[in-house]
There are 2 protein chains.
Amino acid sequence: MDKNPRITVVLAGWEEKTFMPQAVKDRLSSISDQIVYLDSLKFNDGAEVVEQLKKTEPEILISAWTMPKLTDDTLEQVPSLKYLCFFAGSIKGTVPDVLLEKGLIVTNWGHSVARTVAETGLMLAIGGLRRAGFWTLEMHTRGGWKDRTTVQTGSLFGRKVGLHGFGVISQELRRLLIPFGVPVMTYSPSVPDSLLEEQDVTRANDLEELFSENDVIIELAALTPKNTGIVTEELLRMIPEGGVFVNIGRGAVVDEEALARVAVDGKIQVALDVYGVEPLPADSPFRSIDSILTLPHLGGPTTDRRQDAALFGIDNIERYLAGESLQAQVTVEVNRRIT
Amino acid sequence: MDKNPRITVVLAGWEEKTFMPQAVKDRLSSISDQIVYLDSLKFNDGAEVVEQLKKTEPEILISAWTMPKLTDDTLEQVPSLKYLCFFAGSIKGTVPDVLLEKGLIVTNWGHSVARTVAETGLMLAIGGLRRAGFWTLEMHTRGGWKDRTTVQTGSLFGRKVGLHGFGVISQELRRLLIPFGVPVMTYSPSVPDSLLEEQDVTRANDLEELFSENDVIIELAALTPKNTGIVTEELLRMIPEGGVFVNIGRGAVVDEEALARVAVDGKIQVALDVYGVEPLPADSPFRSIDSILTLPHLGGPTTDRRQDAALFGIDNIERYLAGESLQAQVTVEVNRRIT
């Protein structure tokens, strides 16, 4: 194994600045002194990237959101290239399937961003119960103030929390909930009992149980064909009055037209970071319903924690160089499931 | 000690409903079968309350925000009255000082609401770092969406938290911060070292150290004459860029005009639940500055947790009847300090 590998980094200036503050660059430099940084925004397409890679001859390529999609013949053109260490999540816009099939090793940011998404979920759960979105609008656009005789605010203390899906984000969120002492239930057919026991989480037998038995529903199910639109109006109406529905997973898991209808009724609060169509259209009803708090997909990673994703990637580069198995490797099979 | 005391409850309908849901009433009924419920809104002033108390002859009086202020001669008029169990916080609008001096025992909600205020602080810290107030306004009033190349969002992970004041709310908040693994510092001259060690909190030697060494400042100092306006523009400008200033304590602790100036610069985010003047005036600059998230003093208790304050009060009634010392007793001395 080459211990001083040629590494080419293809990032936009704003990506380089946030994913790779100096300490992160120093860490990468400790692995190799053959690192070339290229500005991704100078390339019009993947063919231009490949032309450049023919000159830098990297074994390892680092990129994130902005690098154009590589061409199908990248490995033939750049035979030195073995490993794409992708600092971001979905590789669909970056790597043609055929490169995976031809043996290009690819990893993404894996679980390194889970904690910031979980943190968003906690904020939206508390903020939803408090109606923080409504009150922000009241305070900033309507000169409002509460009326103590009629105000309705809820606390997370004393509530029951239901997590739809129990992947790494749910597991981080479960950890953040510990000091609140709330019971946590999940619907996640694939998760083993041992993990639920270890994390003190009860299994819901179906979504009906999850939605009717908990006040705070946090949506984190993977977007698979089976899960598309699986959160129906019927389920949403099972959430007890005064409860909250939070989506920090994928918008298309939810019947969003139904969600808007349920939110208008105001029996539950809704707090959303993700939508079936993003950017959320300007005329989306979500933007004008008071009982819905909306954020523009800020879940994770936050700007200041993009470095976590880069450090996770650099860990993987070290594993790769040591011949160890990689974390968050995107295989052909995984890539088919990722959304 | 009378084991079946006469108890008179003077609450508005909306107070009775939220402080005393049926389970709480049942608990009180287990103490006495001589309980009279009166509607506080039927009384024009304290003299009318006292007239009624002459008929019900309570040993224990329960009230909250809406009961008119008792008259100075209440104890002479109602000699049976020994103990006012006040379900809310400040008794200034309810009890003339002279009644405390004459020996009326008074307790308030004590620390029973601390956890919901702490929860608000956590939400505002995360929400401030994320600019959730700004994004709520963008999404709901301006048809906005993030631009990934320029968006700036922060996480609580990796930050340092400074608590100004270390009373019961700060202690609850410190507990909620545990899963975030953030170092916590406090400036609170009166708190003993042993408590800080027990809770893994570092002491700041002065406010300059607190504000310059931490990214997230949470204001929880008591409003004493000494503390009024103690958070100056100079201190606010010491908070590192990208940090956040959260106030869930008392507005008047802060130089609010300076706070507005600092917020306009946008180097730090600001999240406020309390103000020097409440309701916050309609023309307050806080309402129109994008880097300020404002709530209308919703800290605590939330509507659904007012019952915690009532249960705390009923615990005190049991202590009183057992001749034990009371929690959160408001003495003449304490009353002078409370704000």
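Residues are numbered from 1 along each chain as its sequence is written, and chains are lettered from A, with ligands numbered from 1, in the order in which they are written. Because the model is predicted, local features need pLDDT of at least 70 and side-chain atom pairs count only at pLDDT 80 or more, while totals for chains, interfaces and linings use all residues; side-chain values use heavy atoms, with hydrogens and water left out.

I begin with chain B. Helices and strands here are DSSP runs (H or I of at least four residues for helices, E of at least two for strands), numbered from the N terminus. In helix α2, residues 22-29, the residues B:V24, B:K25 and B:L28 are buried. Buried means under 20% relative accessible area, exposed over 50%, and partly exposed in between, with a 1.4 Å probe and protein chains only. These residues lie on the same side of α2(B), because they cover an arc of only 100 degrees around the axis; the arc is that of the directions from the helix axis to the C-beta atoms. The face turned away from the buried side of α2(B) carries B:Q22 and B:A23, which are exposed. Among the elements that cover the buried residues of α2(B) are β1, α1 and α13 of chain B.

I turn next to a pair of helices in chain B. Helix α6, residues 114-130, packs with helix α8, residues 168-177, at an angle of about 55 degrees, and their axes are 8 Å apart. Axes are lines fitted to C-alpha atoms, for helices over the stretch in contact, and angles run from 0 to 180 degrees between N-to-C directions. The two helices, α6(B) and α8(B), are therefore oblique to each other. Angles under 35 degrees count as roughly parallel, over 145 as roughly antiparallel, 65 to 115 as roughly perpendicular, and the rest as oblique.

How do matters stand in chain A? There, the axes of α2, residues 22-29, and α13 come within 10 Å and cross at roughly 5 degrees. Hence α2(A) and α13(A) are roughly parallel to each other. In this contact (heavy atoms within 4.5 Å), A:V24, A:R27 and A:L28 of α2(A) meet residues of α13(A) including A:A310, A:L311 and A:I314.

Helix α13 of chain A, residues 306-321, also holds A:D308. Is A:D308 buried or exposed? With a relative accessibility of 12%, A:D308 counts as buried. Leaving aside residues up to four places away in sequence, A:D308 touches A:S112 and A:R115.

Finally, some backbone features. In chain A, a cis peptide bond with omega about -5 degrees joins A:E278 and A:P279, and A:P279 lies in the loop between β11 and β12. The peptide bond from A:G300 to A:P301 is also cis, with omega near -5 degrees; A:P301 is in the loop between β12 and α13 of chain A.

In chain B, B:E57 is not a glycine, yet its phi is positive, at about 45 degrees. B:E57 sits in the loop between α3 and β3 and is partly exposed, with a relative accessible area of 41%. B:D200, in the loop between α9 and β8 of chain B, has a positive phi near 55 degrees. At 58% relative accessibility, B:D200 counts as exposed.
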